[in-house]
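This report describes selected features of the structure shown below.

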Amino acid sequence: MPPETIVKPDAKILFTAIAWALQFLIDPQRGASLNLPQDAELEKQFPKSNLTQDIIKNWLYNEFGETDLAKIAANQKKIQEVLEQIESSNKSASEGAIVPKIIPSPAPSPKVSTLGVLAELESIEPILKKHRQETVAKLSGDLNQKVRTILPSLGIKSTNEEEFLKTVAEIAQETAQEVTENVAQIQDPIQINQVIADSLTQSIIAHPQISNLKLKEEKLYAKIFEQTQSIAQTRQQNLEKAAILGQIEKAAKLQKPDSQTLNLVSDQIEQIVELESALTLPEERTFLKASLAAYLASYPQALNTKLAPILSQGNTPAFAEFQKIKESAHNAAIAQIALNLAKNPTAKKLETKISFKALTDHIGAFLGLKPLTEIQAQNFGLIPTKPKLFAFTRGASPTNAAVGLLLGSITAQTPGWSALVSYDKPRFDSTIENLSGRAKALREKRSQTYRDRKELLTIEKNLANFKQAKDLAGRHPQKVNPFLSYFKSRGPNRLTQASRTAWQTTTAYIGGIPAVFVPKSIRNNPAIMAGASFGALAPPGLRNFRITLPKLPSAFGIGKSLTTKTFGIAMLGAMAHAAGNIIAKTLKYGSAALIGLGLYFLGLAKAALLGFLIGAGVGGTAGAITGGILGAQVGAAIGTAVFPGVGTVIGGIIGGAVGTAVGFFIGAGVGGIVGGLIGYGLASGSTALVGSTTGTVIGALIGGIVIPIPVIGPLIGAAIGFFAGRLIAPFVKNAFDSIVSGSTTGVSAAGSAAGAFGSFVTGLGSAIWGGLGAGAGATLGFLSGAANFIVGGLGALSLPASAAAIPVIGGISAVAVGGTIVGLVTATSFFNPEGQTATEITPPGENQFFKVEKTASPTLLQNNQLPADLSFTITLTAKTKLTSIQISDQINVQAQTQDFQVTTDVTGKPIDKPCTNTQPAVLLQNDVWTCTFSIKATTFPSTIVFQDSLVTNKVTVTATPENNPLQTGTAFAIVAIGTPPSFCQNIELREENGAAWSDAEKNSIQSVCTELVKSTKIVNLLKNAGTIFLTKVPEGTLGGGVCGTVNGANIVKISCSMSSSSFAKYVIIHELGHIIGNFNGDVYRDFLNDPAYSTEGLMPTYPFPDGSQGESFAEMIADYVISKSYNFPKRSWSNYPGGPWENPGAGWTTFKQDRPLHYNFARDNIFGIEF
Amino acid sequence: MNKFTLTQVAKLAKSELILLALGALSLIVFTLAILSFAKPKNPPPPASSQSPWQNNIYAGKTPKNELESALGSPTEIKEEQDKEIYLYPSTNKNRLHEIEITNSTVNIIKEQVISKEKGKLKDYIQNYGQYEAEFFGKHGTFAPGFFWGKNGILVFANKNDGIIVEIWYFAPTSTTDFLQKNPEIKQQEPQNL
């Protein structure tokens, strides 16, 4: 069904039905405070209204902020209020309340209209205008004072005081005006100063009276950022309010979205569709766009409903509160649309292609209708996730590792970014075209405003970056191709995904995402933009790479213990100590110098680096031998003088060591330079350079022999050699050409290896450079300007993090969590299997009354560390008063040879009742009880051998919260010792037809193993299948909407991405459920005998044909695991015999609630434990 | 009639005719002996060797009234188009035997196997020989159906451990005919999704 035919319930009928449903609910004869009217009853009462219980329920949940019907029914006051409002609304409301049309803004009403007249939203515009005027007045005053001091500090002076003050006033006024507008883009109040500093920077740069600024844009911004902190603090309240009002105004305008917004949304949908499912039909794309348009139309209503109570009182919500409101409104709008889509055939066809939920989440965040998630913030370059040096090397082949290492340095990130953005050619070209068009229009404008001038400057800088990228990709493909090859070879679609991520960041950095503020002053810098793109690409959680130069062992320190014996020996000790210092310093500075030289030659050409390495190798060896011999002689002589006999030997050894070290570095340095110059000459085609260098060296050597006069002989020889070399070189060039160009396989391989090594050295150099920067930078200081080898993007500019980013712990993560909770209340149907990814719920150890946690220390042990004590800590936090508390504990050990239980701790006390002496029977609200006990992990006797084992400790808490029934919570802690038995040992990963498991997917599979290994029972059931083959096949090859299949034996095929661990658990454990059935007929027969199937029917989380016991059996097993950690969204399959999956709310283990018999069967017969 | 003495018999045995006759006889006996070894021990049961359910109920033959007199009234009767389904209790209260009745005659019996009472799949292979076909029904790959059409029996059992979960009894038939009459049964292995 096309969207225009989706029938929306008439507003008046809806409200009448809600009133009727509320009365039904509170009627003891009908709803009895527990039930709402069924669909059939609604149809009977309101014929052809298309009203369903879901619509009513959703409305009530949102209105009451509550999902418990009993609690809604008990809220008499609110019910009365709603009924009154409905009555008054029905008198005046016209049609279209669900997706309301825009109503001209009336005067602000003192009465709250929670029924969605949108008066509150539309009243925002004049309020915002007034607030902006007031804020501009205050802010421009503050800024005027600040600009007066800033301009002279930048060297901007004027002999004409009046003119200077006029310039100051213009800058301050323009900045204040722009700040109040741009502040609506912020995601976190910490960005307020970014907005001020950025606007001021741009106003200064663009002012026509200001020229010849010495500071670069980003440094000017950094300087101003420090200066405007105080203003941001003083005006935070005003600007936060301006931000919120601005965001509300934008949302209100969505009722009549302008063409720019619609184009933006349409463009985003097209991009996502192209990436996710390029074969999506045009009419399906149109359908998606229409659905998104419906979402946009619904959103203001949903936001209005949430905001009305606050705004109508003349208040503005706090920023954090507003973020939560946005998230809630977003979810409500989605739920509204999804209810209609769930019944739509086109939507069902699209189920297998595009996730409507994911798509809407993206668009919502893009337009600022919901807070960004942390990942989105990273992708948009808002969180400074600098790529770690090794972030791109994990799991890479040697060649890829070298390229990956390069991506850790800013010099490689810029061409890398060019490669990724130019890869999407249509988008690349259209972006350039768009920017060019905008720049042209501004240039040709007759009367350019101050703001136009600022915008033009920014666009021109962006355009320059893109043109540079275009030039690089078009004219120097050899500079971008290695990066493209790198991403291409890292796995299917990785290049496309990387390009997409780079484009997300880039779009944000060119101001293309309405909801995202990135200071222009830093986003104009291509290196920062590239750094942010790769930061978004880099997997989080990797440590910073850092090299510390090796410290010498203290072997030479023996002198200290001999000092008291004789002066001679003491002298030898001092000599050894001094030698140690010399060697340490030689190693330190020599290594740094060699690496610096290596980087220098690499900067010239790879062949130069190859020459350098060869030269350094030969020279270093020769130098080490020569130096060692000479050093030994000198050392022996000194030693003899100090302490004849023993001193000769010790002195010789010490001298030899020093000589070897010094000789090596001198030889390597000289040889390396010679080799590097020759190599560079060969690569650049400069036969003169090659010849003259070679000739000089050989001439110097021969000259020194033929003319035995110190210095003079070698110099004459060098001079002759220099000229001779230039003449001879062309004749030998051809021979070298073949080597350097790699015309033979062997040489080519060598070249590749050298290239890879070169890349490695670059990366290594970048790391060392970063490390040395603080202390020993002087040694290689000359290189910094040329090479700019600084790891990461932002570090290069010394910007404070707050000047360029928003913190992870601020609004974003907090709101994202809040959003998840709200999302559960208004959860909706999802379209494709990926979209069905369950959302995380509270862990099984936490409920609304208490939280129980279990930790272990250590969590990882090697076999050779046994015997060892393992400590386990239980923490029980009461959220309300708890009585009748019972705590029990259990430790199971799964070893390679046998499983056993540990029943007592190291003191001999029983574990099943831990810490009995402190265990409370009652805990008051907010009380925290902890208990720690230890067990001994032994290697003897043979019945309790912990080697290669997995120790699983589970605590179970039961308690009675005040005025509530008994509650249970469980928590696990796991210790892995050696190589514990793992279910993954039974799995063999396979790949077919070009499909490949990515690292993320392998990690997800590992998480499946980690989950299952908690249960010995299921592992043993799976072991009956022998090796299980988990085969990755190309996407879509298993049929529409099918993610995984299992044959009649032990071969699983997976076609969807398993990168998400929750989704992987769901899919893979379901498929493993089939394998359990295939190889354990008795378990399946028990399942048939059990009342679960005959009483509860099919599992409802996945649609199967009636009579598919096998599928239901497998689904039960998957649900048992994931329902403990993740919650399914509510779903309702049309005509599905399993019925709808009712999600009662956050914190519920819905599987246990909805299908208790299945749950019990899975627990007792498949897993053997409560997860 | 004169009685032969041992001496006279010995003389007769020397005659060539007797010797040839004895030789031929020996060859025949030897050949028969060899052939007897080569023949299968259990020749295929005749078409009439239909497997009954509960000793005396034959699908396609037993009338409804005989069924009721043998087993009593069913727990439940379902009516579907042109057939009735009689449900009889098994030893598990959650699983009922299903007997489909068409034209007042037992058409097909679906026996639920609760435990080890029916042995394992290998027992049926020993009794009936190699199954004619492997089918897939509601138990999917967990318990495919092993089909002996001539004996009118379909055994749903796990292929790997031989655990039997259900047995169908029907009048002897061909594979094609059976699949036609029971569209829920498939020849192709289902794709476990």
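Helix α42 of chain A contains A:Phe1113. The model is a predicted one, and in it A:Phe1113 has a relative accessible area of 0% and is buried. Beyond residues up to four places away in sequence, A:Phe1113 touches A:Gly1073, A:Ile1076, A:Gly1077, A:Val1083, A:Tyr1084, A:Phe1087, A:Phe1161, A:Ile1166 and, from the other chain, B:Phe142.

One of the residues touched by A:Phe1113 is A:Ile1076, which belongs to helix α39 of chain A. A:Ile1076 counts as buried because its relative accessibility is 0%, under the 20% limit. Apart from residues up to four places away in sequence, A:Ile1076 touches A:Ile1018, A:Leu1021, A:Leu1022, A:Phe1113, A:Ile1117 and A:Ile1166. A:Ile1117 is 41 residues from A:Ile1076 along the chain, and their C-alpha atoms are separated by 9.5 Å.

A:His1074 is also found in helix α39 of chain A, and at 0% relative accessibility A:His1074 counts as buried. Its side chain makes a polar contact of 3.2 Å with the side chain of A:His1070. With neighbours within four places in sequence left aside, A:His1074 is in contact with A:Val1046, A:Gly1110, A:Glu1111 and A:Ala1114 of chain A, and with B:Phe142, B:Asn192 and B:Leu193 of chain B.

## The interface between chains A and B

The contact between the chains takes 30 residues from chain A and 23 residues from chain B. The area buried between them is about 2,100 Å², and carbon and sulfur atoms give 47% of this area. On the side of chain A, A:Tyr1084, A:Arg1085 and A:Asn1089 lose the most area to chain B, together 30% of what that side buries.

Helix α39(A) gives the most, with seven residues. By type, the residues of this side of chain A divide into nine nonpolar, 16 polar and five charged.

## Overall organisation of chain A

Chain A has 44 helices and 14 strands. Of its 1171 residues, 53% are buried, and the chain exposes about 50,300 Å², with 58% supplied by carbon and sulfur atoms. Among contacts in chain A with a separation of 6 or more, 74% involve residues 24 or more positions apart.

Helix α17 (residues 356-366) of chain A is largely enclosed by the rest of the structure, because ten of its eleven residues are buried. These buried residues include A:Lys357, A:Asp361 and A:His362 as well as A:Phe356, A:Leu359 and A:Ile363. Just after α17(A), A:Gly368 takes a positive phi of about 80°.

## Salt bridges

A search of the whole structure finds 31 salt bridges over all chains. In one of them, the side chains of A:Glu178 and A:Lys454 meet at 2.7 Å, N to O. A:Glu178 lies in helix α8 (residues 161-182) and A:Lys454 in helix α22 (residues 450-475), so the pair ties together parts of chain A that are 276 residues apart in sequence. A:Glu178 is buried at a relative accessible area of 3%, and A:Lys454 is buried at 1%.

A:Glu217 forms a salt bridge with A:Lys461, their closest N and O atoms being 2.7 Å apart. This pair links helix α10 (residues 217-227), which holds A:Glu217, with helix α22, which holds A:Lys461, across 244 residues. A:Glu217 counts as buried at 11% relative accessibility, whereas A:Lys461 counts as partly exposed at 23%. A further salt bridge joins A:Glu1001 and A:Lys1032, again with closest N and O atoms 2.7 Å apart. A:Glu1001 is in helix α37 (residues 999-1012) and A:Lys1032 in strand β11 (residues 1028-1032), 31 residues apart. Both are buried, A:Glu1001 at 2% and A:Lys1032 at 8%. Salt bridges that share partners also join A:Glu174, A:Glu178, A:Glu181, A:Arg451, A:Lys454 and A:Lys520 into one network.

Notes:
Residues numbered from 1 in each chain as written. Chains lettered and ligands numbered in written order. Predicted model: local features only at pLDDT ≥ 70, side-chain atom pairs only at ≥ 80, totals over all residues. Heavy atoms only, no water. Helix = DSSP H or I, 4+ residues; strand = E, 2+ residues; numbered from the N terminus. Buried < 20%, exposed > 50% of the residue type's maximum accessible area, 1.4 Å probe, protein only. Contact = heavy atoms within 4.5 Å. Areas by Shrake-Rupley, 256 points an atom, 1.4 Å probe, with all protein chains shown as cover. Buried area = accessible area lost by both parts, 1.4 Å probe. Nonpolar A, V, L, I, M, F, W, Y, C, P; charged D, E, K, R; others polar. Polar contact = N/O pair within 3.5 Å; in protein donor to acceptor, adjacent residues only side chain to side chain. Salt bridge = Lys/Arg side-chain N within 4 Å of Asp/Glu carboxyl O.
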